[in-house]
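Please examine the structure shown below.

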Amino acid sequence: MKMLLAQNKGLIFRSFPKGCYISSICKKFSSSCNGSPEVDGKAVFTVDGVNKKFTGNNDGIRKGVDDVCCILESGPWGPTLENSLSAFGEKPLPELVIRVLKRLKDASAAVSYFRWAEKQTGQVHCPEAYNLLVMIMARSTKFDHLEHILEEMSLHGFGPSSNVSIELVANCVKSRKLREAFDIIQTMRKFKFRPAFSAYTILIGALSEVHEPDPMLILFHQMQELGYEVSVHLFTTLIRVFSREGRVDAALSLLDEMKSHSLDADIVLYNVCIDCFGKAGKVDMSWKFFHEMKTHGLMPDDVTYTSMMGILCKANRLDEAVELFEQLEQIRKVPCAYAYNTMIMGYGSAGKFDEAYGLLERQKAKGSIPSVIAYNCILTCLGKKRRVDESLRIFEEMKRDAAPNLPTYNILIDMLCREGKLDAALKLRDEMERAGLFPNVLTVNIMIDRLCKAQKLDEACSIFEGLDSKVCTPNAVTFSSLIDGLGKCGRVDDAYRQYEKMLDSGHVPGVIVYTSLIRSFFKCGRKEDGHKIYKEMVHAGCSPDLTLLNTYMDCVFKAGETEKGRALFRDIKGHGFIPDTRSYSILIHGLVKAGLANETYELFYAMKEQGCVLDTHAYNAVIDGFCKSGKVNKAYQLLEEMKVKGHPPTVVTYGSVIDGLSKIDRLDEAYMLFEEAKSNGIKLNVVVYSSLIDGFGKVGRIDEAYLIMEELMQKGLTPNVYTWNCLLDALVKTEEINEAFVCFQSMKDLKCSPNQITYSILINGLCRVRKFNKAFVFWQEMQKLGFKPNTITYTTMISGLAKAGNISEACGLFSRFKANGGIPDSASYNAMIEGLSSANKAMDAYSLFEETRLKGYNINTKTCVVLLDALHKAECLEQAAIVGAVLKETAKSQHASRSS
């Protein structure tokens, strides 16, 4: 049925929970409508409070009704059925139509018969017949024809009775079809009907149970428009829902409206306001209501005091709660058990266990035996403080006052599993069974979840496999905990097998399961399987949430799939979400790692424009991006902004800015920041120390680099290969080659294995000081270790061998380098030409000379002179002439550049 919301176009419904059973609401707000009564054996139908009796030949009518109903129930409506009805030969009387409608239950059959009878008589049906037809629709909750029927009733000048309108709404509520119930009322209003008072109150009550304040308010205002008198109880219902949803302004507005109607708040409304406003974080407002009710002559009851004390305890205002409890003790000889429980929980949450125990004793002294709830409160708080031994002592003591229940055992088992005391937890489980309490799925979930988090996966799997399906069946939470635990510990195949078991057992995996599997597969380097899980999720019809999309995007970026990561960021909006701070942080971090730090600036301002509030992780990502894109001043500003906004910089923050400053030679500022971080108690890591060593080394401040290295080792940190390479590079660049070898030996003594870069630095350094033969020894050692030289190392080694006169080795290396796809630089060509010329291989040198010119590389004047001399000695006069001409052109261009 299409329902129109004529006056409420802006209203949007959320989906109502399937498990919300609301039949009790109907009883609360309206008497039930059980159909038409019978008086003296004659059928009576009630319309607007007037009883209509059918007189005449009851036996004849009853026989006719039986025959018609028999025909209608014989099959679906069609020509055959119509012919059977027409065979009676007489036009159906109104009395017959009404009695038939009273007997019918199928809405479709009722509508078909209703139309057939109308066609046969050529007359409009009476109001009773219309009301009965609508009643059938109401009881069967089939509303395909309802709007059309209501429209006809409106045109004929009558409408549904009060009982019918109530029945329409009540049956929708019982069937959990709240959207349809709301639409029905709006349709009735569209045709100028007046829905019954109880129809409104039933639906408002049902909507309050599923926390739908907006449609409730619309119905409430419609009631007022129709002139219905609204009560304090109705205001209370609306205020409760609005305040629980955190919409305090709307709740206060309703309170003001109630006062404008000259309605006085009762104790129930005050209790609702105190409780709901307090839970919404408006503690002072709850206090205001507490004091206001006294001024209006209403004395707070146990509910009032207990609610107010609970609110104060949760707001960490324990002293005020204690004062209130003392007032209650003066008023009541023995405060209610809930008041004691609330205060015991308050003391426990604040860690004041002596006071909690003292209160237990005071309760006993007043003749009130503490309940299991009181002890469970204490045990819960002890568990949060991880005071296991004390919890077990209290557990033994409580047995004198109250028998432990299932939550008691669950609290203790949770506590023991968190501490890794599996044997004690299992022993407690056995004790629970001996006490006649069998572990429920919550107990199992607690044990499996805590064991997984303690990385005791074999024990968790053992408990899972040992479940007796007749006693306790694992639910979706059980599978989720186990899948997540196995995945986080790298046992992704086991996790996937549990996922398959979950599907086989009929449970539907949620986004938490898919998020866990995607993360686990990517973490293990199995990105294709991670992508496959995402596709499985989409195929299964499970919609991702923002957390899953963020996690997937993070995994994709870390796997090096930059463009795929970008696409996932765009998909966030496609799925109906707005990228949050974490989304932007992941994107910026991923792009920075991919060498695209220049995009940080634009993304940072997009994040600001969207209203994202930066957290520490976001600040770190943006600051790192600014530093790596050369915007160090901007990064420095953000570092200061972080402090002002209450986000203390972390080692990552300081590390990014120190590295950024070091790379642009602002070393004094970097060192000041380094000292600031230490003074703030930040534990600096090897990465930060390495940044400073590299920075000082690059500008030749070797002594300071050594001091930083010394401090690093004194702090108990171990330099990594990058740290040693920074120091080695600094030493060879200042030609401190002997010191570099001492450093190299220290590196090996500390069990830090040199890498390809380490050997390249040493080879380059040896070639720099013309120790070519020793460089070649390191070259050979490097290859024996399986390291592949980079282009710089190749070209350096080629030049070194050529300059050392070891031309055959240089030529072989040069050829291998080119064969492997290497591109020699200008220095390599010049060195090779000079080496070949000195070795009396003038024509080979000339061939390289021509190759160098074709590649567009510069040929040094010295190289031309050496080659020219070799060509003359070999009597290669034609080639010598060409080299001579090149030499003259080079001299002219150098003279011209000096003159300008």
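A crossing of two helices is called left-handed if the near helix is turned anticlockwise from the far one by less than a right angle, and right-handed if clockwise. Helices here are DSSP runs (H or I, at least four residues), numbered from the N terminus. Two packed helices are described by the angle between their axes and the distance between the axes. The axes are lines fitted to C-alpha atoms over the stretch in contact, and angles run from 0 to 180 degrees between N-to-C directions.

This is a predicted model, in which local features need pLDDT of at least 70 and side-chain atom pairs count only at pLDDT 80 or more, while totals for chains, interfaces and linings use all residues. Residues are numbered from 1 along each chain as its sequence is written, and side-chain values use heavy atoms, with hydrogens and water left out. The mean pLDDT (the predictor's confidence in each residue, from 0 to 100) is 85 for the protein, and 92% of its residues reach 70 or more. Over residues 1-56, the pLDDT is below 50.

Consider α15 (residues 283-295) and α16 (residues 302-314). Their axes come within 10 Å and cross at roughly 155°, which makes α15 roughly antiparallel to α16; this term applies to angles over 145 degrees. The crossing of α15 and α16 is left-handed. In the contact (heavy atoms within 4.5 Å), Val283, Ser286, Trp287, Phe290 and Met293 of α15 meet Thr304, Tyr305, Met308, Ile311 and Leu312 of α16.

Two of these α15 residues, Trp287 and Phe290, lie three residues apart, about one turn of the helix. Their ring centres are 5.5 Å apart and their planes stand at 85°, so the pair is edge-to-face. Aromatic rings pair if their centres lie within 6.5 Å, and planes over 60 degrees apart count as edge-to-face. The whole structure holds 34 aromatic pairs.

Finally, the axes of α40 (residues 721-733) and α41 (residues 737-749) come within 8 Å and cross at roughly 165°. These two helices are therefore roughly antiparallel to each other, and α40 passes α41 in a left-handed crossing. Residues that meet here include Trp724 of α40 and Phe744 of α41.

Notes. Rings of Phe, Tyr and Trp (its six-membered ring) pair if their centres lie within 6.5 Å; planes under 30 degrees apart count as stacked, over 60 as edge-to-face and the rest as tilted. Angles under 35 degrees count as roughly parallel, over 145 as roughly antiparallel, 65 to 115 as roughly perpendicular and the rest as oblique.
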